[in-house]
Amino acid sequence: MKYNMSIKEKLTLYVGVLVALIVGLVALSVISLQILTATEPTSPVADYGLSRALALLLTFGTLSVIVGIWILIWLPDSINRPFKELSEGINEIANHNYDTELHLQGSVAMEQLSLNFNRMSHCLRDYYNSSLSKLRVSKQYIETIIDSIDEPMICIDQELTFYFINNEALDILNLKRDEVLGKSAQEIAMHNDLLRRLLNGNNEQKEYGDAAEKKTESLKIYADNKESYFQVKYLPVKMADADGNITERGTVVMLKNITEFHKLDVAKTTLISTISHELKTPISAILMSQQLLTDNRVGVLNAEQKELSDSIKKNGERLLSITSELLNMTQVESGALQLKPHITKPIKLIEYAIKANQVQADKFNINIEVDYPKEKISKLYIDSEKIAWVLTNLLNNAIRYSSENGRVIIGAQQNDKHQVILYVQDFGRGIDPRYHESIFERYFRVPGIKVQGSGLGLSISRDFVEAHNGTLTVESELGKGSKFIVALPA
Ligand code: ADP
């Protein structure tokens, strides 16, 4: 049976051997000295005794030195070895190598330490395997749920590596699962147009936030010989790190199939377009007949008949303006909006808008002021009909939403950004800041306002201005009035 000494036993043994050797050495030296002093130094007896004593001294001395050096080298190593093995074992555990076992020898304490260490590593291995399998099961569970969602879904991490992708997404991207998982989305996007568009959309979302999302049009995809439309949503994945700080770890890209809604929307646009078009002719005929009535060609109208005729005119004109707004809207929505640009002086647009609104302004005794710079202002390369329509509509709103005897300013300015600014300002009721964006949405009307309207004018105006690469914005304060600003590239 192999006997393993403890550190204490080792130390006692080695120090004992060393002390014995040194004592032997000292004893021999004393004997040699006694021989020398007891006998005649030159006598053959002394010579013989001395030589023997010296030989023994030399042997013992050499032995002591060898044993001393051996102890010097071997002893620290023998003491350190268990600690080194223990430290290596701990290192392996830290690296999740839970199969590591220690077999330290040397003492009961060391054996006990190994036993406890091995028990700990077995426990850790069992725990790791069970939590790993639990994790695997829950990952599989989540993947199955994601796969069963019939809308395409992709998750990429911060380095744009695919984290997960469901079958629907693989289908529309025309990719295979093993081609993508764990791979760089950017690399795959180099050969995949649709993925490239989705990644660009993600970048825009990061750069411009919700504004980008509002601007994104539906995504048109050709697959299996049919057109499909998707609405894309980018959801940032935010998680807490070890210090509790919330950081962004990736993005989930969700595509919602809106093909059916798109078909319905197209049908609605076509219907509105057809009806508005068909209504224009009879409304014009009504207005023409009313004109003939007021001309007195078919007889003089009495006061009551005149009032009725005026009402026909007012409502006929309102119908005509609604049908024209609806027609404009259908043009934008069906993508049929075609600009016929030519060089136009900004003052011409202002004059047109004033002329179109003068009767209305006079009716409410509203003074229209023109703010036009004395110095030269750039001409615009625009579809003047469309931009004149926008200014007319803004001026009409300014008059309608002002109180009687009010004041409205219509003006133009050249700004440094190579832009021409056209603006319409009123000092009427103003708009609550909550509605500053909503008023540009289709059919939106500020709640509680009694003035009649369709809620289409501003949304069409913005579409027309944006089609010219310009912007239409509002500055307004409740009770103080509003300023609508059109900025167009000069
Ligand atoms: P409409 O005027 O036909 O309702 P618009 O799209 O032109 O439709 O305007 C949308 C809404 O914005 C209006 O219903 C109104 O509440 C508000 N609005 C527009 N212009 C003004 C203005 N100059 N002053 C106050 N409110 C306005």
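**Reading strands, helices and rings in a predicted model**

Ser 228 lies in strand E4, which spans residues 226–240. Keep in mind that this is a predicted model.

Q: Is Ser 228 buried or exposed?
A: Buried means under 20% relative accessible area. Ser 228 has a relative accessible area of 11%, so it counts as buried.

Q: Which residues is Ser 228 in contact with, leaving aside its neighbours within four places in sequence?
A: Ser 228 touches Leu 219, Lys 220, Ile 221 and Thr 259.

Q: Let's move to the sheet. In what order do the strands of the five-stranded open sheet come?
A: Start with the general idea: strands of a sheet pair through backbone hydrogen bonds, either parallel or antiparallel. Here the order is E7-E9-E10-E12-E11, and the pairing is mixed. Strand E7 (367–371) and strand E11 (471–477) are at the edges with a single partner strand each, so one side of each has no neighbour in the sheet. From one strand to the next, the twist averages 15°.

Q: How many bridges join strand E9 to E10?
A: Eight bridges join E9 (residues 407–415) to E10, and the two run antiparallel. Another pair to look for is Gln 414 with its bridge partner in E10, Val 420. E9 and E10 make a hairpin with three residues between them, and His 418 in that turn has a positive phi of about 55°.

Q: How many of the eight residues of E10 are buried?
A: In general, side chains in a regular strand alternate between the two faces of the sheet. For E10, seven of its eight residues are buried, which makes the strand mostly covered.

Q: Which helices lie across the strands?
A: H11 lies across E7, E9 and E10, running at about 170° to E9. H13 lies across E11 and E12, at about 140° to E11.

Q: At what angle do H11 and H12 pack?
A: Two packed helices are described by the angle between their axes and the distance between the axes. For H11 (residues 346–363) and H12 (residues 384–400), that comes to about 35° and 8 Å. Their crossing is right-handed. Residues meeting there include Leu 349, Ile 350 and Tyr 352 from H11, and Ile 387, Ala 388 and Leu 391 from H12.

Q: Now the rings. How many aromatic pairs does a search of the whole structure find?
A: It finds five. In one of them, the rings of Tyr 163 and Phe 164 have centres 6.3 Å apart and planes at 55°, so the pair is tilted. Tyr 163 is exposed, at 55% relative accessible area, whereas Phe 164 is buried, at 17%.

Q: Why is the pair of Phe 440 and Phe 484 edge-to-face?
A: Planes over 60 degrees apart count as edge-to-face. The planes of Phe 440 and Phe 484 are at 70°, with ring centres 6.4 Å apart, so this pair is edge-to-face. Phe 440 lies in the loop between strand E10 (419–426) and helix H13 (457–467) and Phe 484 in strand E12 (residues 481–489), so the pair ties together parts 44 residues apart in sequence. Both residues are buried.

Q: Which lysine lies over the face of Tyr 423?
A: That's Lys 483, at 4.5 Å from the ring centre. Lys 386 lies over the face of Phe 464, at 5.5 Å from the ring centre.

How values were computed: Residues are numbered from 1 along each chain as its sequence is written. This is a predicted model: local features need pLDDT of at least 70, side-chain atom pairs count only at pLDDT 80 or more; totals for chains, interfaces and linings use all residues. Side-chain values use heavy atoms; hydrogens and water are left out. Rings of Phe, Tyr and Trp (its six-membered ring) pair if their centres lie within 6.5 Å; planes under 30 degrees apart count as stacked, over 60 as edge-to-face and the rest as tilted. Buried means under 20% relative accessible area, exposed over 50%, partly exposed in between (1.4 Å probe, protein chains only). Helices (H or I, at least four residues) and strands (E, at least two) are DSSP runs, numbered from the N terminus. A charge sits over a ring if NZ of Lys or CZ of Arg is within 6 Å of the ring centre and within 35 degrees of the ring normal. Two strands pair if DSSP finds at least two bridges between them. Axes are lines fitted to C-alpha atoms, for helices over the stretch in contact, and angles run from 0 to 180 degrees between N-to-C directions. A crossing is left-handed if the near helix is turned anticlockwise from the far one by less than a right angle, and right-handed if clockwise. Contact means heavy atoms within 4.5 Å.
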